[in-house]
Amino acid sequence: MRFFLGGYSADMGGRAEGVGTLLAGNADDVSAGGELARRTEVAVRADSPSWLAWHPTRAVVYAALEGRGVVQAYRRIGDERFVPHGGALEAGEAVCHIDVAPAGDALIAACWGDGRLVRMSLDAEGRPSKPTVLAAASDPYALAGMSQQTRPSRAHHVRFLPRDTMATTDLGLDLARFWRGTGTQGSRDVALARQTGPRHSRWHPSEHLFVVTELSNELYALAHDASGQWRVVAGVALSPGALAGDAAAELAFSRDGRFVYAGLRGSNTIAVVEVRGDGAQLRSIALVDSGVDWPRHHVVVRDTLLVAGQRSDEIAALTLDERTGVPGRARRRVDAPSPTCLLAAS
């Protein structure tokens, strides 16, 4: 199995030289527990491609070049090689996440540095153009007279949902924002508790949107009613064992959706939360060693959790107990320079 690696290069204090390639076992293996290997040559040279996203139908990948504040498309020309596909387009300060509309006609980029959400049109070949800034977020607590100082917007994540809906998170203003289509009609905002810092989200099979919070290290479930209005329906601490100063990063689900895995940078652990009932009953059940330093990103591959250690320059493979949901100790690892994103090859 092949994965492409995003990472930080020298412009952001990292060691990556572009988009890397990781091999993890064989594509036809029942288990994903095979040897890990990394190609020494990069798939394409790039400055800090910290997030990668595929076009839904074209052999095109989009990279958030975080340090430069631009989005660059790359066309795949071999199993492990890309070339630039059009020019780089300005997104905003510290662009950190991208998602592509299911129809393949647009992408949305989130910028945590200046809080911008930027829509880019995609042509028939997947080349981006026409960057347009979406409506800015407002501090819900300032509007309510509860905030004593101006807080910065920190747009951090974008996810396209069913029924022509898009969700974004604003880490600085404690917001989950919901948009029709690709954001041209404005948003409906849901305020989470103050200083939670919503970071990333995942769409659960139960049709709840799960949001992990970087500052408070919690997991929230959000649901919508028949009118399309969203609200928080559940929340739980990722683990009572989380340390002060921990910063939650990424979410991933077990294959059956019963368990949620959240990375905690600082204590360098993976928190495990069980999902019960209709998807709104959450229970923290375990906190285990991630096997890496600064678990920035992770993905579930069959019976394995692959974890990217940004500061330890490696990828670790943890076996998942599919009965209990708890990951075991790292059984395989491979060097990888400053990894920030794991993208399965299409």
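Biologist: What makes the contact between Arg151 and Asp174 a salt bridge?

Modeller: In this predicted model, the N to O distance between the side chains of Arg151 and Asp174 is 2.6 Å. The criterion asks for a side-chain nitrogen of Lys or Arg within 4 Å of a carboxyl oxygen of Asp or Glu, and the Arg151–Asp174 pair therefore qualifies.

Biologist: Which parts of the chain does the pair tie together?

Modeller: Arg151 belongs to the loop between α1 (140-143) and β14, and Asp174 to the loop between β15 (165-170) and β16 (175-180), so the bridge links parts that are 23 residues apart in sequence.

Biologist: Why are Arg151 and Asp174 called buried?

Modeller: The label requires under 20% relative accessible area. Arg151 has 14% and Asp174 has 1%, so both are buried.

Biologist: How do you know that Asp123 and Arg127 form a salt bridge, and why is each called partly exposed?

Modeller: Their closest N and O atoms are 3.1 Å apart, which is within 4 Å, so the pair counts. Asp123 has a relative accessible area of 32% and Arg127 one of 35%. Buried means under 20% and exposed over 50%, so these two residues fall in between.

Biologist: What makes Asp114 and Arg116 a salt bridge?

Modeller: The closest N and O atoms of Asp114 and Arg116 are 3.8 Å apart; the limit is 4 Å, and the pair is therefore included. Asp114, at 33% relative accessibility, is partly exposed, as is Arg116 at 26%.

Biologist: What is known of the largest pocket and its lining?

Modeller: Its volume is about 430 Å³, and 22 residues line it, with Trp51, Asp99, Arg159, Arg202 and Leu343 nearest its centre. Elements giving two or more residues to this lining include β5 (49-54), β10 (95-100) and β14 (155-161). The lining comprises 14 nonpolar, four polar and four charged residues.

Biologist: What lines the second largest pocket?

Modeller: The second largest pocket has a volume of about 300 Å³ and 20 lining residues, of which Trp112, His156, Arg199, Glu214 and Arg265 are closest to its centre. Its lining divides into eight nonpolar, six polar and six charged residues.

Conventions
Residues numbered from 1 in each chain as written. Predicted model: local features only at pLDDT ≥ 70, side-chain atom pairs only at ≥ 80, totals over all residues. Heavy atoms only, no water. 1 Å grid on protein atoms, 1.4 Å probe; cavity = no way out; pocket = protein on both sides within 12 Å on 5 of 7 lines; lining within 4 Å. Points joined across faces, edges and corners; volume = space filled by probe spheres on them. Helix = DSSP H or I, 4+ residues; strand = E, 2+ residues; numbered from the N terminus. Nonpolar A, V, L, I, M, F, W, Y, C, P; charged D, E, K, R; others polar. Buried < 20%, exposed > 50% of the residue type's maximum accessible area, 1.4 Å probe, protein only.
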